[in-house]
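Subject: Handover of a structure and notes on its features

Dear colleague,

Please find below the structure that I am handing over to you.

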Amino acid sequence: MANQDFVRQMDIHGFGRSPGFSMRWHVDFVLLGFLLLLCGAGLFILYSATGQDISVVIRQATYMGISLVGMLIVAQVPPRILMQLAKWFYIVGVLLLLAVLFMGVSSKGAQRWVQLPGFRFQPSEVIKLIMPITMAAFFAKRPLPPSLKDVVFSLVIIAVPVVLIAKQPDLGTAILIGASGVFVLLLAGLRKRIMTFVLCLAIPSIYGFWHFFMLDYQKRRVLTFLNPESDPWGAGWNIIQSTIAIGSGGLYGKGWLQGTQSHLDFLPESHTDFIIAVVAEEFGLMGCLILLALYTLILGRGLFITLNAQTLFGRLLAGSITLTFFVYIFVNIGMVSGLLPVVGVPLPMVSRGGTSLVTLLAGFGLLMSIHTHRTFLGVSR
């Protein structure tokens, strides 16, 4: 008892804590520093991409401030509480997606929102957090490597929200959510025979997804990706203009605010999905490498937190969040450079957008929670 009292006193006064711990708040300051640098770079790039529209930058900065506060609040929630509530999170999330399907608000040909008093709410953004939490809680309570029964059941858990979101239609978000669930499944470990079964199951699933869920314009995007010049004034326009912008930047770029493709409106969505083309045109290869270095630092910190997580739930959840963040970056840069089909995935914390920013930073709040809520010599923190 005396020893535990002594440890508690050390804990209260901040002794014996590992780097990244706050005395009163559960905050990983290393990760926070990297995120603030990226947010600052994002606002700097966005000012040029929007044609020097300061009102858009101020609005995005406001979203960033709200999102950072939300991240710090999420970081205070102990992982064990998230694990206990995971099942209910999932049920509520699926019910919200069903509400979108039957009572959702349509805009620009998509039905993705639920109208609430005073504002619209997009449930698919919340599912980005609910999916990895649910999957991590599911496998944390079961023996590993998982049995075939558990693998099949987990695939059903993933498939339900993915199909509902794909029907909105929102293929980019469906891919990200599916990836976050699959990453937990892979991190849980799979026997070779089960891995073979899953791969064999994936082939007919892709066929069914193409024929029964993908819309005509989504199919055209995939086919145009293979040959953008087949429709240069239609579906291939975005990819052609983005590759021109990337190539014209050279090694050092044309200079900040000097991009022609974006400022002369040749490049569509230059402040959202295609903003990396603005970076390449104005700052060249070196600018892109600096931005990628920032992303690498964040990914490295996420992997560090994953490897040092004390619980199976924490490792699975942190690993999924980190790898899904990598998918964000990989898919966005891949589609802008013509290596992947255009699916509408923003460049994290650089592209304009408030909802996705809130979700992303809430995910990093979960990482901070996993890293800072530790058991220290028998004392839970």
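The notes that follow take up the sheet, the aromatic rings, the cavities and the backbone in turn.

The model is a predicted one, in which local features need pLDDT of at least 70 and side-chain atom pairs count only at pLDDT 80 or more, while totals for chains, interfaces and linings use all residues. Residues are numbered from 1 along each chain as its sequence is written, and side-chain values use heavy atoms, with hydrogens and water left out.

The sheet

Helices (H or I, at least four residues) and strands (E, at least two) are DSSP runs numbered from the N terminus, and two strands pair if DSSP finds at least two bridges between them. On these terms there is an open sheet of three strands in the order E1-E2-E3, with antiparallel pairing. E1 and E3 are its edge strands, each pairing on one side only. From one strand to the next the twist averages 50 degrees; axes here are lines fitted to C-alpha atoms, for helices over the stretch in contact, and angles run from 0 to 180 degrees between N-to-C directions.

Helix H4 (residues 79–103) packs on this sheet and touches E1, E2 and E3, its direction making about 105 degrees with that of E2. Contact means heavy atoms within 4.5 Å.

Strand E1 (residues 105–107) is joined to strand E2 (residues 110–116) by three bridges. Across this pairing, Val105 stands opposite Trp113 and Ser107 stands opposite Ala110. Three bridges also join E2 to strand E3 (residues 119–121), where Val114 stands opposite Phe121. The hairpin of E2 and E3 has two residues between the strands, and Gly118 takes a positive phi near 95 degrees there.

The aromatic rings

A search of the whole structure finds eight aromatic pairs. Rings of Phe, Tyr and Trp (its six-membered ring) pair if their centres lie within 6.5 Å; planes under 30 degrees apart count as stacked, over 60 as edge-to-face and the rest as tilted.

Phe138 and Phe139 make an edge-to-face pair, because their ring centres are 5.1 Å apart and their planes stand at 80 degrees. Both of these residues, Phe138 and Phe139, are buried; buried means under 20% relative accessible area, exposed over 50%, and partly exposed in between (1.4 Å probe, protein chains only).

Phe326 and Phe330 form a stacked pair, with 5.8 Å centre to centre and 25 degrees between the planes. Both lie in helix H13 (residues 312–336), four residues apart, which is about one turn of the helix. Phe326 counts as partly exposed, because its relative accessibility is 41%. Elsewhere, ring pairs link Phe44, Tyr47, Trp256 and Phe283 into a cluster.

The cavities

Grid points are joined across faces, edges and corners, and a volume is the space filled by probe spheres set on the points.

The largest cavity holds about 170 Å³ of space. Its lining has 15 residues, of which Lys128, Leu129, Ile321, Thr324 and Tyr328 lie nearest the centre. Helix H5 (123–140), helix H7 (171–188), H13 and helix H14 (355–372) are the elements that give two or more residues to this lining. H13 gives the most, with five residues.

The backbone

Most residues other than glycine have a negative phi, and most peptide bonds are trans. Leu144 and Pro145 are joined by a cis peptide bond, with omega about 0 degrees; Pro145 is placed in the loop between H5 and helix H6 (148–166). The peptide bond from Gln168 to Pro169 is also cis, with omega near -5 degrees, and Pro169 lies in the loop between H6 and H7.

Leu257, in the loop between helix H10 (237–248) and helix H11 (260–263), has a positive phi near 70 degrees. Leu257 is partly exposed, because its relative accessible area is 21%. Met349, which is not a glycine, has a positive phi of about 65 degrees and lies in the loop between H13 and H14. Met349 counts as buried, because its relative accessibility is 2%.

With kind regards

Conventions:
1 Å grid on protein atoms, 1.4 Å probe; cavity = no way out; pocket = protein on both sides within 12 Å on 5 of 7 lines; lining within 4 Å.
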